[in-house]
Amino acid sequence: GAEDSETAAREASIVAGITASVRTLVISSFRTPPTKFMLNLLRQLNPTASILRAGPFVAYHHKLFALLCLLNINMNALDLTRHGGGQKASKRSGGGGGGG
């Protein structure tokens, strides 16, 4: 009844807030320069580990899960130390698609 709709509305607000925050981090990960400082900052702000502790919640909210995946993919692309720090790595991080 009314209690269920209240709970659903509360959950929708929570999901909207979390999704907006993660979306902001995803946009930042696209626009940030691939420096060690910025990568460390994004790692500190990355909420993935905390959010994934609520596994069923994330599994139910596919958009949130997709944003978390995109954030972590972008952060790995920014991590030039994993790619040897070469020019190819910076081209890949700015490419926006393609195979791997």
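Trainee: What percentage of the 100 residues of the protein chain count as buried?

Mentor: 26% of them do. Buried means under 20% relative accessible area, exposed means over 50%, and partly exposed is in between (1.4 Å probe, protein chains only). Keep in mind that this is a predicted model: local features need pLDDT of at least 70, side-chain atom pairs count only at pLDDT 80 or more, and totals for chains, interfaces and linings use all residues. Residues are numbered from 1 along each chain as its sequence is written, and side-chain values use heavy atoms, with hydrogens and water left out.

Trainee: OK, and how many helices and strands are there?

Mentor: The protein chain has 6 helices and 0 strands, so along the sequence the pattern reads α-α-α-α-α-α; helices (H or I, at least four residues) and strands (E, at least two) are DSSP runs, numbered from the N terminus.

Trainee: Which helix has the lowest mean pLDDT, and which the highest?

Mentor: Helix α6 (residues 87–95) has the lowest, at 45, and helix α3 (residues 48–52) the highest, at 93. pLDDT is the predictor's confidence in each residue, from 0 to 100. The protein chain averages 82, and 79% of the residues score at least 70.

Trainee: Where does pLDDT stay under 50?

Mentor: Over residues 86–100. The model has 7 contacts beyond four places in sequence for that stretch, where contact means heavy atoms within 4.5 Å.

Trainee: Switching to Ser29. Is Ser29 buried or exposed?

Mentor: Buried, with a relative accessible area of 3%. Ser29 lies in helix α1 (residues 2–31). Leaving aside neighbours within four places in sequence, Ser29 is in contact with Leu42, Leu71, Asn74 and Leu78.

Trainee: And what lies 2.6 Å from a polar atom of the Ser29 side chain?

Mentor: The backbone oxygen of Val26. For a polar contact you want a pair of N or O atoms within 3.5 Å; within protein, one must be able to donate a hydrogen and the other to accept it, and residues adjacent in sequence count only if both atoms are side-chain atoms.

Trainee: What about Thr32, where is that found?

Mentor: In the loop between α1 and α2. Thr32 counts as buried because its relative accessibility is 10%. Not counting residues up to four places away in sequence, Thr32 touches Met38, Leu42 and Leu78. Leu42 and Leu78 are also among the contacts of Ser29.

Trainee: Which residues does Met75 touch, beyond four places in sequence?

Mentor: Leu39, Leu42, Arg43 and Asn46. Met75 lies in helix α5 and counts as buried at 6% relative accessibility. Met75 and Asn46 are 29 residues apart in sequence and 9.4 Å apart in space, C-alpha to C-alpha.

Trainee: Then there's His61. Why does His61 count as buried?

Mentor: Because its relative accessibility is 14%. His61 lies in the loop between α4 (55–60) and α5 (62–78). Glu11 and Val15 are the residues His61 touches, not counting those up to four places away in sequence.
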